[in-house]
Amino acid sequence: MTTELLGFDDLNYNVVYAQMGRGKTEKIVAAALSNVAATMAKLSMDVCLFLNQNFSFISFPDDVTTGSSIMPHKKNPDVFELIRGKCNALQALPNEITLLTANFPSGYHRDLQLTKEILFPAIGEITACLQMTRLMLSHIQVKDGILEDEKYKYLFSVEAVNELVNKGIPFREAYKQVGNTIDKGEFNFDYKRQLHHTHEGSIGNLSNDKIVKEMEKVLQKFA
């Protein structure tokens, strides 16, 4: 009945097998929680980085940020800073349980109950972090026209090289040409006019339809 109520496919009929599984299940759950925490910690770091005035890629309303104690203009991403800290701590979870259960002989031992003190609060922590992340992202504001800023124009140096390559200039020579224009302060690439990407990924990728057609051409040569 317990197996059915918990939604398990079957139960462990062998008592020894059931006892030997203690600690292993907790480690599997801990690893899953740690992986989710790692993703949220990285996201939180990106948010904190892209929110600062050196980037200003994103912003949040005043009611989900805090002010600086000394800088009147500043918005602090306190929520994401706390999520980052909590999620960094959660990534230690698998190691904590591994060390706790490292030298057990077979069978049940009372110190196995200590895994609950580690695991159960962690589930509450990561649930709260997920809820707060969802709340914060529902209020995120992304800045439009970022690439129009002059300081980002060199992002398109590779596009300029690729354009020359498509005209038949060897890559090495195209690389030198574009590099020289940058050194001279003469680089000017109108990305809005010249970029016509149709597929996500690196530049020059073909759309799926074009890839199929190109493959058919190749196959016809060997037919």
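Me: How do the residues of the lining of the largest pocket divide into nonpolar, polar and charged?

Reply: In this predicted model, 20 residues line the largest pocket, and those closest to its centre include Phe8, Asn12 and Thr25. By class, the lining divides into nine nonpolar, six polar and five charged.

Me: Which elements give two or more residues to the lining of the largest pocket?

Reply: The space in this pocket comes to about 640 Å³. Two or more lining residues are given by each of helix H1 (2–6), helix H2 (15–20), H3 and H6.

Me: Are H3 and H4 roughly parallel or roughly antiparallel to each other?

Reply: Helix H3 (residues 24–51) and helix H4 (residues 78–90) pack with their axes 8 Å apart, at an angle of about 150 degrees. Angles over 145 degrees count as roughly antiparallel. H3 and H4 are therefore roughly antiparallel.

Me: How are H5 and H6 oriented to each other?

Reply: The axes of helix H5 (residues 93–100) and helix H6 (residues 114–137) lie 10 Å apart, and the packing angle is about 170 degrees. With an angle over 145 degrees counting as antiparallel in rough terms, the orientation of H5 to H6 is therefore roughly antiparallel.

How values were computed:
Residues are numbered from 1 along each chain as its sequence is written. This is a predicted model: local features need pLDDT of at least 70, side-chain atom pairs count only at pLDDT 80 or more; totals for chains, interfaces and linings use all residues. Side-chain values use heavy atoms; hydrogens and water are left out. Axes are lines fitted to C-alpha atoms, for helices over the stretch in contact, and angles run from 0 to 180 degrees between N-to-C directions. Helices (H or I, at least four residues) and strands (E, at least two) are DSSP runs, numbered from the N terminus. Angles under 35 degrees count as roughly parallel, over 145 as roughly antiparallel, 65 to 115 as roughly perpendicular and the rest as oblique. On a 1 Å grid over the protein atoms alone, a cavity is a set of points where a 1.4 Å probe fits but cannot get out, and a pocket is an open set with protein on both sides within 12 Å along at least five of seven lines; lining residues have an atom within 4 Å of a point. Grid points are joined across faces, edges and corners, and a volume is the space filled by probe spheres set on the points. Ala, Val, Leu, Ile, Met, Phe, Trp, Tyr, Cys and Pro count as nonpolar, Asp, Glu, Lys and Arg as charged, and the others, Gly among them, as polar.
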